[in-house]
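Me: Can you go through this structure with me? I'll paste it here and ask as I go.
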Amino acid sequence: MSTLSLAWRNLLRNRRRSLMTLIAMVLGLMAVLLFGGYIRDINYGLQSDFVRRTGHLQIQHKDYFRFGSGNPAAYGIRDYERIIAVVKRDPVLQPLLPVVTPTLQFGGIAGNFAASVSRTVFVSGMVVEDQNRMREWNDFELRILSRHLSLSGTAPDTAVIGTGVARVLQLCAQLDVPDCESSVVASTPQGAALPADIAELATTGGAPAKSAAKAAPDTARPRIEILASNARGAPNVAAVSVLRAEFQGVKELDDVYVGLHLAQAQRLVFGAAPPQVTAIALQLRHTADIPLAQGRLDELHKTTPKDEPLVVLDYETLNPFYRQTLSMFAAIFGFIAVLIGAIVLFTVTNTMSMAVVERTAEIGTLRAIGLRRARIRAMFVSEGIVLGIFGALIGIAAAMGFSWAINQLGLTWIPPGRIEPVPLAVRLAGEHGMMLVSATGLVIVAALSAILPAARASRMNIVDALRHV
């Protein structure tokens, strides 16, 4: 304690230099913490987005993730209702899982034959009520929550499409989609009926349906036809009523997205055959429960029939973009931390070196009265440690204040791969581990910075030091 007290008094002997060194350390720690809090907020935002859409875990056919996107019928889950019932009744999983829901995803072609236009689409069939409950997940208490799906409470043949799909299918006027002016004009007259050969493919529950051209027109909503390959490889068509066009956040998805009720999607792919799903999504109350839930699911799947092999995948595996983004930001954070650490290192070293030069006569006197070299080194290293401790405490307090101010501004930014703005926030509250590691690193850097000047001071010749003016 006497060494630290002496170090504090020595720092006060040149207040201006000590203050400037302290400011440099505080600014360095603030930069590291604010950027770290920004990265942490991005991490939580990405995780929440993926968990709300796909769940924490998904049960799939073991080969669907690699091969099944082009052939959902071959890699679907046939007995999915029994599997869902088993998972929901399991005493270990039941308290962990607020939502267990099936999904069906496949590719197809959507056409607006009245305008003689079509495009490839990605169809997502879902249980709307379950998806709404998944979107309520907010374990990290983020500022903005996803709204409920527009398909809530709609008829089974209702669809929601991306704004990009609406533009290509020339449904902008009916669906109030902005930015739809195009120099390309369809050469076919508007209002043409659905071709008879396409209309005859439409089925409802596996039985031939009325032609879309003969069906009672719905003047309130535009209708489109979706063409897909059924379980036997034959083409199948379903006419659906488009409720609205919604921007999906990512342009690539927005240009192909079609959302349907699960039952309608199953009829389109499987017709009268037993329906299947491509995945069973499981959303946990807390992300930290993934290892426990995944281990329990692996135990349950050991009893799965061998002709239907299943696998459990977590959201990081399902969304490789998440891992890649975190790795990129971790590399940037590490580079910035090393750079700021080097600046602090040289700043403190310079301060300690100047202190050694100014106190040369004092060092000679202390050595002459019997103070050992180790005590001389300890004295200067202690000054670096004291500077580091105060810099860490003030830096953490300042970073907390700045992060609170930034969060109150309500700033937004557009991250890579997205078009709509998202909240810009710095998350430091509750991130005790990050703050502790950063503060400890600052103190260590400050102590290391004082070692070289302290060693030089301890090696001084006593006679030469006493002669120094």
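Me: Is asparagine 230 buried or exposed?
Reply: Asparagine 230 is buried, because its relative accessible area is 10%, and buried means under 20%. Bear in mind that this is a predicted model.
Me: Where is asparagine 230 in the fold?
Reply: Asparagine 230 sits in the loop between β7 (223-229) and β8 (235-246).
Me: And what is asparagine 230 in contact with, leaving aside its neighbours within four places in sequence?
Reply: Asn236, Leu268 and Val269, once those sequence neighbours are set aside.
Me: How much of the protein chain's contacts join residues at least 24 apart?
Reply: 78%, counting contacts between residues at least 6 apart in sequence.
Me: Switching topic. Which residues form the positive surface patch?
Reply: Arg373, Arg377, Arg456 and Arg459 form the patch.
Me: Which helix is arginine 373 in?
Reply: Arginine 373 belongs to helix α15, which covers residues 373-408.
Me: Why does arginine 373 count as partly exposed?
Reply: Because its relative accessibility is 41%, and partly exposed lies between the 20% limit for buried and the 50% limit for exposed.
Me: Now the whole chain. How many helices and strands?
Reply: The protein chain has 17 helices and 13 strands. Of its 469 residues, 45% count as buried.
Me: What does the accessible surface come to?
Reply: About 23700 Å² for the protein chain, with 62% of that belonging to carbon and sulfur atoms.

Technical notes:
Residues are numbered from 1 along each chain as its sequence is written. This is a predicted model: local features need pLDDT of at least 70, side-chain atom pairs count only at pLDDT 80 or more; totals for chains, interfaces and linings use all residues. Side-chain values use heavy atoms; hydrogens and water are left out. Patches are made of residues with over 30% relative accessible area and no salt bridge: like charges are joined within 9 Å, nonpolar side chains (Val, Leu, Ile, Met, Phe, Trp, Tyr) within 5 Å. Accessible areas come from the Shrake-Rupley method with a 1.4 Å probe; for residues, only the protein chains shown count as cover. A salt bridge is a side-chain nitrogen of Lys or Arg within 4 Å of a carboxyl oxygen of Asp or Glu. Lys and Arg count as positive and Asp and Glu as negative; His and the chain ends are not counted. The place of a charge is taken as NZ of Lys, CZ of Arg, CG of Asp or CD of Glu. Helices (H or I, at least four residues) and strands (E, at least two) are DSSP runs, numbered from the N terminus. Buried means under 20% relative accessible area, exposed over 50%, partly exposed in between (1.4 Å probe, protein chains only). Contact means heavy atoms within 4.5 Å.
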